[in-house]
Amino acid sequence: MSEWSIQELAKSAGTTSRTLRHYGDLGLLEPSRIGANGYRFYDEDALVRLQRILLLRELGLGLPAIAEVLTGERDTAAALRTHLELLEQERTRISRQIESVNRTLNKTKKGESLMPEDVFDGFDHTRYKDEVIERWGKDAYTSGDNWWRSMSEQDRKAHLQAQADIAAAFGKALTAGLSAESDDVQTITQRQFEWIKIGWQGRTPSADAFTGLGQMYVDDPRFTANYDKYGEGTASLVRDAMKIYSERNLH
C-alpha cells in the first residue's frame with residue numbers, strides 16, 4: 001500500500017506539517033505508522049480522512065465539531081457521498097458568486113442600475129457563524145455581525161487592507177530574520193492588537209484571548225495560508241509575537 005511522509009502529505013494538501021501533527025495530537029488524523037526515526041507516515045485511508053477534515057474546515061466547522069462528525073461516520077463510502085454533496089453545494093454557491101460578479105460587471109459597463117439581490121447573490125459572511133459561536137460565544141458573533149453589517153463597503157475594504165498590510169509587515173520581518181520578541185516585530189504586533197480591537201468594537205482582548213487568536217493562526221490552515229503567503233513560517237512568527245505581547249502587556 002502506498003504511503004506518504006508528513007512533509008509530502010502536507011505539501012500535497014496545501015497545509016503544514018505542524019498542522020498535521022496538531023490534528024494527530026487531537027486524535028483527528030493518526031499516522032498509519034511511525035518510523036524508527038520518529039517520522040510519521042500516512043496511508044490512503046489517512047488521505048481520505050484528511051480530505052474530509054479539510055473540507056469540513058472550509059465549511060466553517062471547528063475541530064471539536066469535526067471530531068464528532070468523523071466519529072459518527074464509520075462507513076467510508078457514506079462519508080465520501082456526504083463529502084460530494086457538500087462539494088456540490090459549494091460549487092453551486094461559487095457559481096452564483098461568479099454570475100453575480102459578471103452581472104455587476106456587465107451592468108456597470110452599460111451604466112445600468114444595480115440591485116442588492118444581484119450584487120450579493122451567493123455571498124454569505126455568516127457561513128462561519130457556528131465556528132465563531134463555538135470559539136467565543138453567541139454574543140461575540142452577534143456583536144461582530146452587527147458591526148460588519150453597519151460598515152460601508154469602503155470601510156470594509158479599508159479594514160481588510162489594513163490586515164493585509166500588517167500580515168505583509170510580519171512577512172518582511174520574517175525575511176529579515178527578526179525574532180518575535182524584537183522591538184520591530186512587537187511594534188507590528190501592536191498594530192495587530194489595535195486592528196483586532198476594531199473588530200471587537202473597542203473591547204480589549206484578554207491575554208488568553210489574544211494568545212488564543214495567535215495559536216489559531218497556526219492551527220487553522222485557512223489562517224496559516226493567509227499569513228504564510230508572505231513567507232512560510234509567517235503565521236508561526238505572528239503566533240509567537242502575539243504570545244509575547246500578551247505576556248508583556250495584557251492581563
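Two strands pair if DSSP finds at least two bridges between them. Helices (H or I, at least four residues) and strands (E, at least two) are DSSP runs, numbered from the N terminus. The model is predicted: local features need pLDDT of at least 70, side-chain atom pairs count only at pLDDT 80 or more, and totals for chains, interfaces and linings use all residues. Residues are numbered from 1 along each chain as its sequence is written, and side-chain values use heavy atoms, with hydrogens and water left out.

**Exercise 1. Describe the sheet, its strand order and its bridges.**

Step 1. The chain has 13 helices and 3 strands.

Step 2. An open sheet of 3 strands is formed in the order β1-β3-β2, and the pairing is antiparallel. The edge strands, each pairing on one side only, are β1 (3–5) and β2 (33–34).

Step 3. Between β1 and β3 (residues 40–43) there are 3 bridges in the antiparallel sense. In β3, D43 is the bridge partner of E3, and F41 is that of S5.

Step 4. Between β2 and β3 there are 2 antiparallel bridges; the partner of I34 in β3 is R40. The hairpin of β2 and β3 has 5 residues between the strands, and there G38 takes a positive phi near 90°.

**Exercise 2. Find the helix that lies across β1 and β3, and give its angle to β3.**

Step 1. Axes are lines fitted to C-alpha atoms, for helices over the stretch in contact, and angles run from 0 to 180 degrees between N-to-C directions.

Step 2. The helix is α3 (residues 44–58), which runs at about 85° to β3.

**Exercise 3. Characterise the packing of α11 with α13.**

Step 1. Helix α11 (residues 207–219) packs with helix α13 (residues 234–249) at about 170°, and the axes are 8 Å apart.

Step 2. Angles over 145 degrees count as roughly antiparallel. The two helices α11 and α13 are therefore roughly antiparallel to each other.

Step 3. Contact means heavy atoms within 4.5 Å. From α11, the residues A207, F210, T211, L213, G214, Q215, Y217 and V218 meet A235, S236, V238, R239, M242, K243, Y245 and S246 of α13.

Step 4. Sort these residues with Ala, Val, Leu, Ile, Met, Phe, Trp, Tyr, Cys and Pro as nonpolar, Asp, Glu, Lys and Arg as charged, and the others, Gly among them, as polar. The contact of α11 with α13 then divides into 9 nonpolar, 5 polar and 2 charged residues.

**Exercise 4. Is Q186 buried or exposed, and what does Q186 touch?**

Step 1. Q186 is found in helix α10 (residues 183–199).

Step 2. Buried means under 20% relative accessible area, exposed over 50%, partly exposed in between (1.4 Å probe, protein chains only). Q186 has 9% and is buried.

Step 3. Leaving out residues up to four places away in sequence, Q186 touches A180, E181, A241, I244, Y245 and R248. A polar atom of the Q186 side chain lies 3.2 Å from the backbone oxygen of A241.

**Exercise 5. Work out the surroundings of Y227.**

Step 1. Y227 lies in helix α12 (residues 221–228) and counts as buried at 1% relative accessibility.

Step 2. Beyond four places away in sequence, Y227 touches Q163, A167, Q192, Y217, T234, A235 and V238.

Step 3. A polar contact is a pair of N or O atoms within 3.5 Å; within protein, one must be able to donate a hydrogen and the other to accept it, and residues adjacent in sequence count only if both atoms are side-chain atoms. The side chains of Y227 and Q163 make such a contact at 3.2 Å.

Terms used. Angles under 35 degrees count as roughly parallel, over 145 as roughly antiparallel, 65 to 115 as roughly perpendicular and the rest as oblique.
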